[in-house]
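Here's a quick walk through the rings, cores and pocket of one protein model. Have the viewer open and follow along.

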Amino acid sequence: NTIVVLWGDHGYHLGEHGLWGKTTNFELDTRVPLIVRTPDMKAAGKPSRSFVELVDLYPTLAELAGLPITKQLEGKSFAPILNDPTATTKTVALSQYPRGGGLMGYSMRTRTHRLTQWVHLASGQIRATELYDYADGLIESKNIADTSPELVEQLSAQLVSAVKLAGGRNSEPSADR
């Protein structure tokens, strides 16, 4: 009757991009280990490619333990994935990381891309945009934001909506450019 969860609080650069430690919204900093084992799970030992965020741990554990889940939570239970690794509970994962000058980087990872917008917290204006395509691997080597304005616009609207739905995190990115 024991549920076991093993996770890390953040990823870690080991020299990639010339960086050491947790200092970015890049994939290697935002991807974390997460292993869950429950007595009744049907897909024990099977990996999933579904997006899961650490804010999803509490609602998942509450559901598995038969406890009530309040509607105020940011997270969403990923219990369905434990029985069917092909199940999808989220289509994106969010992260944020501060930068000097009063900037907060709001980042959204989709199956194929990562959009990060650097928002000046005092004014709410987007000061920089990064867009990476993961078709060639998980190391962000080329910012394609300038050459993909339509995709930036589409993902930016999705990011603003996702951050608002997630309770605003610390502050919401502005739709102003």
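## Rings, cores and a pocket

You'll find one aromatic pair in this structure, which is a predicted model. With ring centres 5.7 Å apart and planes at 80°, Phe 26 and Tyr 132 count as edge-to-face, because that label covers angles over 60 degrees. Where do the two partners sit? Phe 26 is in the loop between strand E3 (20–21) and helix H1 (27–30), while Tyr 132 belongs to strand E8 (residues 126–133), so the pair ties together parts that are 106 residues apart in sequence. Both Phe 26 and Tyr 132 are buried.

Another ring has a charged neighbour: Arg 99 lies over the face of Trp 118, 3.7 Å from the ring centre.

Now for the nonpolar cores. Nonpolar side chains tend to be buried together in soluble globular proteins.

| Core | Size | Residues, among them |
|---|---|---|
| Largest core | 16 residues | Leu 94, Tyr 106, Met 108, Leu 115, Leu 131, Leu 159 |
| Another core | seven residues | Val 36, Leu 57, Leu 82, Ala 87 |

H4 provides the largest share, with five residues.

Finally, the largest pocket has a volume of about 1300 Å³. Its lining runs to 44 residues, and Val 32, Leu 34, Ser 50, Phe 51 and Val 52 lie nearest the centre. H1, strand E4 (34–37), helix H3 (79–83) and strand E5 (93–99) each supply at least two lining residues. By type, the lining splits into 22 nonpolar, eight polar and 14 charged residues.

Terms used: Residues numbered from 1 in each chain as written. Predicted model: local features only at pLDDT ≥ 70, side-chain atom pairs only at ≥ 80, totals over all residues. Heavy atoms only, no water. Phe/Tyr/Trp six-rings, centres within 6.5 Å; stacked < 30°, edge-to-face > 60°. Helix = DSSP H or I, 4+ residues; strand = E, 2+ residues; numbered from the N terminus. Buried < 20%, exposed > 50% of the residue type's maximum accessible area, 1.4 Å probe, protein only. Lys NZ or Arg CZ within 6 Å of the ring centre and 35° of its normal. Core = buried A, V, L, I, M, F, W, Y, C linked by side-chain atoms within 4.5 Å. 1 Å grid on protein atoms, 1.4 Å probe; cavity = no way out; pocket = protein on both sides within 12 Å on 5 of 7 lines; lining within 4 Å. Points joined across faces, edges and corners; volume = space filled by probe spheres on them. Nonpolar A, V, L, I, M, F, W, Y, C, P; charged D, E, K, R; others polar.
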